[in-house]
Amino acid sequence: MDTTEWAPVGAVLAALFMLYKMAPAMLRATKMLVREYYNVKVEVEVGRQRALSKRAQLDE
């Protein structure tokens, strides 16, 4: 029996197994990136609000 016809099957199985092993780490990394993105967004918004309130105080 020729093994070349099973090569694509083996490659697909190996890729699925790697994905299965990597999925938790990828999910953790994605969650961390999303959390970091929103933290930066919140910090920028807080800084903007602070600047606006400081400008309003100076204008009075």
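## Charges on the chain

In this report Lys and Arg count as positive and Asp and Glu as negative, while His and the chain ends are not counted. The place of a charge is taken as NZ of Lys, CZ of Arg, CG of Asp or CD of Glu. On that basis the protein carries 9 positive and 7 negative side chains, and the centres of these two sets are 8 Å apart.

The model is a predicted one, in which local features need pLDDT of at least 70 and side-chain atom pairs count only at pLDDT 80 or more, whereas totals for chains, interfaces and linings use all residues. Residues are numbered from 1 along each chain as its sequence is written, and side-chain values use heavy atoms, with hydrogens and water left out.

## Overall form

The protein has 1 helix and 0 strands, where helices (H or I, at least four residues) and strands (E, at least two) are DSSP runs numbered from the N terminus. Helix α1 covers residues 7-59, and Glu60 has its place in the segment after α1.

The radius of gyration of the protein is 26 Å, whereas a compact globule of 60 residues would have a value near 10 Å; this radius is taken over C-alpha atoms, and the globule rule is 2.2 Å times the number of residues to the power 0.38. Along the principal axes, the C-alpha atoms fill a box of roughly 90 × 15 × 5 Å. Two pairs of residues illustrate the spacing: the C-alpha atoms of Arg48 and Met18, which are 30 residues apart along the chain, are separated by 44 Å, and those of Glu60 and Leu16, 44 residues apart along the chain, are separated by 65 Å.

## Surface

Of the 60 residues, 0% count as buried, a term that means under 20% relative accessible area, with exposed meaning over 50% and partly exposed lying in between (1.4 Å probe, protein chains only). Glu60 counts as exposed because its relative accessibility is 82%.

The protein exposes about 5900 Å², and carbon and sulfur atoms supply 67% of that area. Accessible areas come from the Shrake-Rupley method with a 1.4 Å probe, and for residues only the protein chains shown count as cover.

## Aromatic pairs

A pair of aromatic rings is described by the distance of the centres and the angle of the planes. Rings of Phe, Tyr and Trp (its six-membered ring) pair if their centres lie within 6.5 Å, and planes under 30 degrees apart count as stacked, over 60 as edge-to-face and the rest as tilted.

The structure holds 2 aromatic pairs. Phe17 and Tyr20 form a tilted pair, with 6.4 Å from centre to centre and 40 degrees between the planes; both residues lie in helix α1, 3 residues apart, which is about one turn of the helix. Tyr20 counts as exposed, because its relative accessibility is 59%. Tyr37 and Tyr38 form an edge-to-face pair, with 5.3 Å from centre to centre and 70 degrees between the planes. Tyr37 is partly exposed at 48% relative accessibility, and Tyr38 is partly exposed with a relative accessible area of 48%.

## The salt bridge

Side chains of opposite charge can pair when their charged atoms come close. The structure holds 1 salt bridge, defined as a side-chain nitrogen of Lys or Arg within 4 Å of a carboxyl oxygen of Asp or Glu.

This salt bridge joins the side chains of Glu45 and Arg48, at 3.1 Å from N to O. Glu45 and Arg48 are separated by about one helical turn, because they are 3 residues apart in helix α1. Glu45 is partly exposed at 34% relative accessibility, and Arg48 is partly exposed with a relative accessible area of 44%.
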